[in-house]
Amino acid sequence: MTKSNLTRRGLIKTSAVAGVGLATPTIFTASSVAAFTNEPTGSSVTLGFNVPQSGPYADEGADELRAYELAVEHLNGGGDGGLMNTFSSKALKGNGILGKEVKYVTGDTQTKSDAARASARSMIEKDGAVMITGGSSSGVAVAVQALCQEAGVIFMAGLTHSNDTTGKDKKANGFRHFFNSYMSGAALAPILANNYGTDRRAYHLTADYNWGYTTEEAVRTSTEALGWETVAAVKTPLTQTDFSSYIAPVLQSGADVLVLNHYGGNMVNSLTNAVQFGLRDKLVNNKNFEIIVPLYSRLMAKGAGANVKGIYGSTNWHWSLTDEGSKAFVKSFGTKYGFPPSQAAHTTYVQAMLYADAVERAGSFNPCAVAEALEGFEFDGMGNGKTLYRAEDHQCFKDVLVVRGKENPTSEFDLLEIVEVTPTEQVTYDASIFGGELGACNPGA
Amino acid sequence: MEAIILQVLNGLDKGSAYALIALGLTLIFGTLGVVNFAHGALFMIGAFCAVTLSRILSLSHEVLDPGKTDFLGNPSKVNVPYVNDWFGEVAGSAIIDWAVPLSILFAIPVMIVIGIVMERGLIKHFYKRPHADQILVTFGLAIVLQEIIKYFYGANPIPTPAPQAFTGSFDFGAMLGFDPNVIIYPYWRIIYFAFAALIIGGVFAFLQFTTFGMVVRAGMADRETVQLLGIDIDRRFTLMFGLAAAVAGLAGVMYTPINSPNYHMGMDFLVLSFVVVVVGGMGSLPGAVAAGFLLGILESFASMREVLEYLPGINQIIIYLVAIIILLTRPRGLMGRKGVMEE
């Protein structure tokens with residue numbers, strides 16, 4: 001006779017454990033055959049391009065997709081090879097990645113963290129994507145980066161400018177080529193001091209979310225170190241469309257500089273409103289009133305039209321750069337699509353290339369091998385001069401561009417002019433200042 | 001004192017937009033009994049009428065400029081607008097510069113036709129359905145309309161500036177004896193407020209002093225009796241839908257220099273405009289206008305730094321807070337008819 005120890009409580013506990021096990025997505029469970037998540041076994045490898053295809057940043061997302069398609073074409077040996085010709089690493093041969101044809105799937109982030117995670121998860125689980133890349137928001141980047149860490153795939157971030165992406169929220173599987181708020185502040189401050197002097201009173205309008213806070217902090221710290229005084233810093237709702245009630249009191253405050261820590265539609269509207277109010281025509285404290293936009297995007301500048309004229313900001317890359325890498329990319333992209341690429345296109349193209357190159361150098365798609373190949377990797381010829389993927393936080397360090405809205409644009413693309421290429425040393429910081437832990441690389445198996 | 005005057009001024013132009021949209025919403029609700037969530041999309045389409053006319057007026061042919069090169073190093077092409085060829089450079093440039101005011105003439109027929117097609121093609125099928133069905137179908141329509149606009153015009157805002165003559169701002173402070181630069185207000189926003197006042201006055205005069213308007217008002221009060229008198233009130237109500245669409249469209253046209261239009265701008269105004277209608281009183285035209293200005297001004301005051309220091313986040317909830325208080329204490333709204341929304 002056998003005696004069963006099964007009790008009602010025990011049955012419920014066992015069922016619950018089994019239920020959780022069954023409900024856990026397969027990407028979070030170990031595979032008994034594959035060495036890592038989505039190990040490519042056939043003649044092709046799939047990359048996942050997760051970009052905003054709908055929502056307010058859809059135009060930026062469309063440019064990212066164009067760049068990814070161009071990168072895939074070049075990786076598979078098509079077109080003119082683009083930046084493969086100027087890239088200092090010569091591991092890529094134009095025969096795919098490790099001899100496997102590069103295929104891709106796309107997801108729509110909608111610039112919403114939950115939607116971006118869902119599309120990334122779908123590309124990893126259903127389409128077998130071995131790497132996820134793209135995006136146009138720091139909130140999305142942090143959310144998708146965390147998912148990729150759990151899933152055991154590499155995340156090559158697109159446009160994300162918050163310090164947190166490679167600061168307190170950094171992950172071992174995530175890598176950022178784009179610059180960040182700290183770098184914008186460090187690059188901008190000396191130029192602002194040179195042009196506007198060190199005795200200035202600044203008024204900040206800051207988008208009420210993570211990126212806004214880090215950008216305000218970076219610009220404040222950098223400008224105050226040069227002698228500027230911060231008169232006030234007012235948070236504005238992300239959903240705000242008319243900024244008149246925030247801009248009207250600026251002159252009353254005694255400020256002679258307005259810093260717009262806004263991006264996208266917020267930037268277009270706040271800058272347009274500020275110019276409408278005639279702030280730039282005013283003389284305050286015996287100085288011309290000035291406006292600053294710390295982060296510029298050419299696509300966004302287009303939305304603000306003539307209002308960007310003469311206004312300083314920073315950007316990751318611009319098509320008017322004359323180095324060999326930038327020229328090669330502009331030629332390649334411009335020939336294919338008929339217009340110059342945006343910084344979003346450049347960053348995402350470079351991220352796809354850097355991933356492919358790291359796989360070739362590592363000799364494996366294993367995310368831990370790829371991460372090791374990217375950590376501390378120094379390269380050149382990709383359009384930003386000598387660049388380092390710092391091992392400690394997976395942040396790229398390269399020259400930062402300070403730009404100004406062009407007074408006499410010759411075309412709809414010719415909106416910004418480069419004022420200074422700030423050297424890497426000036427924007428480099430200690431990896432520990434923004435906190436966070438990289439943790440261990442997760443291969444997913 | 002300066003700060004108060006400044007925020008009242010700011011509230012007036014914001015309130016103008018709310019009032020114009022809410023006026024159209026109220027006209028539709030008062031005549032047809034339909035809760036039209038697509039009304040914000042009509043505001044957005046009006047703005048894109050200005051964008052479209054601006055693009056039509058700027059239609060150009062390319063002329064090679066051998067002295068310059070494009071981004072690929074090829075000879076640069078210069079766009080020469082056809083209006084410059086036809087009317088000379090000075091007159092052609094002036095026509096393009098005045099695209100937004102000219103769009104008023106373009107938008108009126110376009111918006112009336114869109115309104116009538118919308119009402120006859122879709123909304124009339126939902127007259128006898130519950131308000132929830134009307135909200136669902138009109139909200140769906142709004143999303144379809146904004147996606148169509150996004151398909152053709154992209155997701156980025158499109159700058160559509162005011163004529164050069166109206167750039168810059170007026171120094172109210174200097175006029176009122178305060179320090180210069182303390183109370184400044186952009187010329188275009190003054191024009192927007194005056195334009196809104198004109199439209200609102202025009203709609204009221206139309207309803208008050210014309211036979212058509214009298215019949216519509218009678219129909220709003222007692223539809224069945226008016227029909228029993230042999231008057232085709234449905235046709236008049238359809239035209240009122242067209243008129244409401246035109247009012248929303250004109251509000252959109254004139255708003256384009258204030259904020260660059262984008263496909264999503266209608267949604268940004270829609271919810272707030274509904275709150276305005278509820279606060280003003282469902283079906284009350286004066287209520288919609290009064291509540292539009294009231295809430296616009298309140299929103300401006302709530303955005304003041306001094307207020308935000310004591311009540312952080314109040315700028316994001318002030319309008320809804322007022323709506324809750326009004327609905328709790330006076331369910332029919334500020335100027336709503338007794339009995340409406342009170343059961």
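Trainee: How many bridges join strand 11 of chain A to strand 12 of chain A?
Mentor: This is a predicted model, so keep that in mind throughout. Strand 11 and strand 12 (residues 312-315) of chain A run parallel, and 2 bridges join them. Look at one pair. A:I292 has A:Y312 in strand 12 of chain A as its bridge partner.

Trainee: What do strand 11, helix 9 and strand 12 of chain A make?
Mentor: They make a right-handed β-α-β unit. The helix in that unit, helix 9 of chain A, covers residues 298-304.

Trainee: Which strand of chain A is joined to strand 11 by 3 bridges?
Mentor: That is strand 8 (residues 257-261) of chain A, and the two run parallel. Start at A:V257. Opposite A:V257 stands A:E290 in strand 11 of chain A.

Trainee: Why is strand 8 of chain A called largely enclosed?
Mentor: Because 5 of the 5 residues of strand 8 of chain A are buried, the rest of the structure largely encloses this strand.

Trainee: Which way do the residues of strand 8 of chain A point?
Mentor: Take the general idea to begin with. In a regular strand, side chains alternate between the two faces of the sheet. Now the case here. From strand 8 of chain A, A:V257, A:V259 and A:N261 point one way. A:L258 and A:L260 point the other way. All of these residues are buried.

Trainee: How many bridges join strand 6 of chain A to strand 8 of chain A?
Mentor: There are 5 bridges between strand 6 (residues 201-207) and strand 8 of chain A, and the strands run parallel. One example is A:L205, whose bridge partner in strand 8 of chain A is A:L260.

Trainee: Which residues touch the most other members of the largest nonpolar core?
Mentor: General idea again. In soluble globular proteins, nonpolar side chains tend to be buried together. In this model, the largest nonpolar core has 229 residues, and A:L258 and B:L23 touch the most other members. Domain 1 (44-179 + 319-398) and domain 2 (182-315) of chain A both give residues to this core, so it lies between them.

Trainee: What is A:L258 in contact with, leaving aside neighbours within four places in sequence?
Mentor: The contacts of A:L258 are A:Y203, A:L205, A:V250, A:A274, A:L279 and A:I291.

Trainee: How many Å separate the centres of domain 1 and domain 2 of chain A?
Mentor: The centres, taken over C-alpha atoms, are 30 Å apart. The contact takes 14 residues from domain 1 and 13 residues from domain 2 of chain A. On the domain 1 side, helix 2 (58-75) and helix 4 (138-151) of chain A each give two or more residues. Helix 2 of chain A gives the largest share, 3 residues. By class, that side of domain 1 of chain A divides into 3 nonpolar, 7 polar and 4 charged residues.

Trainee: How many residues of chain B are in contact with chain A?
Mentor: 38 residues of chain B are in contact with 40 residues of chain A. Several elements of chain B each supply at least two residues of its side, including strand 4 (184-186) and helix 12 (265-280). Helix 1 of chain B gives the most, with 6 residues. The chain B side has 17 nonpolar, 15 polar and 6 charged residues.

Trainee: Is A:D399 buried or exposed?
Mentor: A:D399 counts as buried because it has 24 C-beta neighbours inside 10 Å. A:D399 lies in the loop between strand 15 (396-397) and strand 16 (400-405) of chain A. Leaving aside neighbours within four places in sequence, its contacts include A:N384, A:G385 and A:V421.

Trainee: Where is B:G92, and how does B:G92 count?
Mentor: B:G92 is in helix 4 (residues 89-97) of chain B. With 19 C-beta neighbours inside 10 Å, B:G92 counts as partly exposed.

Notes. Residues numbered from 1 in each chain as written. Chains lettered and ligands numbered in written order. Predicted model: local features only at pLDDT ≥ 70, side-chain atom pairs only at ≥ 80, totals over all residues. Domains from an automatic or database assignment. Contact = placed C-beta atoms within 7 Å. Helix = DSSP H or I, 4+ residues; strand = E, 2+ residues; numbered from the N terminus. Nonpolar A, V, L, I, M, F, W, Y, C, P; charged D, E, K, R; others polar. Core = buried A, V, L, I, M, F, W, Y, C linked by C-beta atoms within 7 Å. Buried ≥ 20, exposed ≤ 12 C-beta atoms within 10 Å, placed from the backbone. Pairing = 2+ DSSP bridges. Right-handed = clockwise from strand over helix to strand, strands pointing away.
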